[in-house]
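The following note was prepared for a colleague who wishes to go through the model point by point. It is set out as numbered paragraphs, to be read beside the structure.

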Amino acid sequence: MKAILVEGVAGSGKTSYIADDVRDRLIPGQALLLTFSRTGRAVLQHYLAQRNVKDCFVHTIDGFALQILKQLGDTRFLLSRQRIEQELLPELYRYVSAQMASYAQTIGEEIFLPSESPRLMQELMSDIDFYRASCAFEQDDEAMLEEMLAGKLNHDWRLIRRLFAAYDNYRETWHPSLSEQDQDLFEHNDEFPHIQGEQGFRSLGETVYDLLAYVEDSDILEKIGAKYSQHFIDEFHDTTPLQLRFLLQLAKHTHYVLAVGDRFQNIFAWRGTNTDIVFEQFKQQLKAQTQYLNHSYRYGQSIANLAHQIIHRPIESKTTHHSSIHTIDTHQLAKLDREAVIITQDVVSQIKAAFALFSHSKQKIAFGIHHTIGVAILNILCVLRYDYLLDPKSKLIKNIGIDFAQFLQLPQCLLSYSAKQEMLKKPSLESIRMYFDIHLGVSDEPAYQQDLRQTLLAWMSLANQENRLVYDIMYWFEKNARLWSIHSHRLYDRIALSSWEALKEDARIHQYTLAQWPERANQLHRRWSDREGIRFATVSQAKGREYDSVLVYDAQPNGFAQGIRDELSRHQFYVAITRAKKQLSFCADHAQHTQTPQKATTKTSLNTHDHPAINEKKRLALEALADIKTQLKKRV
């Protein structure tokens, strides 16, 4: 067997390299081509068509595993991930959370069990995926398991371990009722048309795991792989340890294996990938040779030199154009080219970038921030006490149900999922006020945590706040309701905090009052345009793409604002800067937010002005008053 691992830097033409190799070596009917993603599969098929390459088999890794399962007589249904999250996982979570509550009481420890919501189901599904892809299910030592999963999951690893086991058992025995057999329930596309099952289910991402369990202690995969004398693997840097096992078994008795990837583009550590382990195991087990593509056809030498500083690998530019690198501040965002793409490290930074563009320019924005948590809370506060400020024909009123739903997602809201759904059926200003009147009353089962309840009651009793600065109101509300008193690693909570702080910064900069807020909220609506707005992308969204002009937000030429703390942040920054072809810009976020302490803080009153929200006019007035008092004392 001849095995080759090609490590190519960003822009080196890795997929072109693999397509050329297929064209030059092809044995008709003997070539198996595998990619990590559906997008990668489509790109590779396009490149092969350009080279008039036919009579070879192109699959995603998961798609090929599914094909083998069906050939082996597997009878499980293939379900869409969305329907699993919506219809199957909630019931399972209720069962497991009851078990975990009893378990926590037995061991005398606290295990956080969040209230049920669609967002929670997405987070739990992501955690189950990571638990599987990283092979955590094989680890029996609890101390090792906790260390392995630390900082990688949205929720307590003990909950995910129990949920994973229950979920896998449920997948074996499930069968759809007649009412459930609609086409939206099942996953299908051009790679795998709709397949009718008999019992049990899986999502596409679970096929490799199921297949390895199905053929355990047999040579079935080796025999299947031997049918293809040539194996070509693209996007190898995204391969998970579980998928690597599958690929290595397939390749055991083939004649030629070529894998192409860039270890510095591994940004999916949260999916269970570990490129260094995958690359080294591939080289060791297949005794693979390593070839390097240290040139780029995408960007000029200036960006190549910057990338070299990050990954410590020399890169030669082979482009005919030059690339420029600039650093700008937030005030220069108004001059940003409309064709530029703003790339951020994650969704949390993306929210900050979108608000910065909104605050410092009049550009349209292709990223919706008009229903973020800060906007939602302010709109609900208007509904509760100052609804006469709202235009009945405005988009704000027409979409108030979305804001109400956001408000109900606050961790301080203790209502059950079914109660929330009932409230959101046909929300109106009248019904929203009615529900708050009911739920803010004294009850054996409170609808809100005490701090939020008291803050809402205080707000509904306050008069003459129309000319109060929105910054003051937000400051008062977060302190008294203790919105961010609990530090959380959950992505939703981090996004909520980021959007709140970003809107508060906009309110500080522009000093608008509550009476002026509805117009500012409507501007958020009007500035949003998918077609005409400045585009945004996280590093993971931008990966595999290239743009003429890129602005990396909350970053400097030496890394993101948080610094290059680990391999993941280094890879993310490398991917971000190598998306640019002609112009690369950096913009640091210099907004000085007043961060809320994690511990409980002293409550504040809207009737006092002893916090940082005092504007310049108030400060000058206080200084003048002090001077008058001093003069009076002297006269006396």
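**Note on the predicted model**

1. Ile342 has Leu551 as its bridge partner in strand 14. The two strands concerned, strand 12 and strand 14, pair in the parallel sense over 3 bridges. The coordinates discussed here and below belong to a predicted model.

2. On its other pairing, strand 12 is joined to strand 13 in the parallel sense, over 4 bridges. Here Ile343 stands opposite Ala537 of strand 13.

3. Is strand 12 covered on its faces or open? Both faces are covered: Val341 and Ile343 are buried on one side, and Ile342 and Thr344 are buried on the other. As a general point, side chains in a regular strand alternate between the two faces of the sheet.

4. Ala537 deserves a paragraph of its own. This residue lies in strand 13, which spans residues 535-538. Ala537 counts as buried because its relative accessible area is 5%, and the cut-off for that class is under 20%. Leaving aside neighbours within four places in sequence, Ala537 is in contact with Val341, Ile342, Ile343, Thr344, Gln350 and Ala542. Val341 and Ala537 are 196 residues apart along the chain, yet their C-alpha atoms are separated by 7.2 Å.

5. The wider sheet may now be described. It is an open sheet of 5 strands in the order 11-17-14-12-13, with parallel pairing. Strand 11 and strand 13 are the edge strands, each of which pairs on one side only. On average, neighbouring strands of this sheet are turned by 25° against each other, direction ignored. Helix 13 (residues 347-360) packs on the sheet and touches strand 12, strand 13 and strand 14. The direction of helix 13 makes about 160° with that of strand 13.

6. Which strands pair with strand 17? Strand 14 (residues 547-553) pairs with strand 17 in the parallel sense over 6 bridges, and Val552 stands opposite Phe586 in strand 17. Strand 11 (residues 324-328) runs parallel to strand 17 (residues 580-587) and is joined to it by 5 bridges.

7. The largest nonpolar core holds 74 residues, of which Phe436, Tyr448, Phe477 and Trp517 touch the most other members. Helix 14 (residues 373-385) gives the most to this core, with 9 residues. At least three residues of this core come from each of domain 3 (301-353 + 534-587) and domain 4 (370-527).

8. Neighbours within four places in sequence aside, Phe477 is in contact with Ile377, Leu381, Leu452, Thr455, Leu456, Arg482, Leu483 and Trp500. Another core lies apart from the largest one and has 65 residues, among them Phe77, Leu88, Met121 and Leu153.

9. UniProt, in an unreviewed entry, places the feature "binding site" at Gly8, Val9, Ala10, Gly11, Ser12, Gly13, Lys14 and Thr15. Two of these residues, Gly11 and Gly13, are examined below.

10. Where does Gly11 lie, and which residues does it touch? Gly11 is in the loop between strand 1 (2-8) and helix 1 (14-25). Not counting residues up to four places away in sequence, Gly11 touches His295, Ser296, Tyr297 and Arg298.

11. Why is Gly11 classed as buried, and why is Gly13 classed as partly exposed? Gly11 has a relative accessible area of 13% and is therefore buried, the limit being under 20%. Gly13 is found in the loop between strand 1 and helix 1. Its relative accessible area is 28%, so Gly13 is partly exposed, a class that lies between the buried limit and the exposed limit of over 50%.

12. Some totals complete the note. The protein has 25 helices and 17 strands. Of its 636 residues, 54% count as buried. Among contacts in the protein with a separation of 6 or more, 79% are accounted for by residues 24 or more positions apart.

Key
Residues are numbered from 1 along each chain as its sequence is written. This is a predicted model: local features need pLDDT of at least 70, side-chain atom pairs count only at pLDDT 80 or more; totals for chains, interfaces and linings use all residues. Side-chain values use heavy atoms; hydrogens and water are left out. UniProt positions are given in the numbering used here, feature names are shortened, and annotations may be inferred rather than shown by experiment. Buried means under 20% relative accessible area, exposed over 50%, partly exposed in between (1.4 Å probe, protein chains only). Contact means heavy atoms within 4.5 Å. A nonpolar core is a set of buried Ala, Val, Leu, Ile, Met, Phe, Trp, Tyr and Cys residues joined through side-chain atoms within 4.5 Å. Domain bounds come from an automatic or database domain assignment. Two strands pair if DSSP finds at least two bridges between them. Axes are lines fitted to C-alpha atoms, for helices over the stretch in contact, and angles run from 0 to 180 degrees between N-to-C directions.
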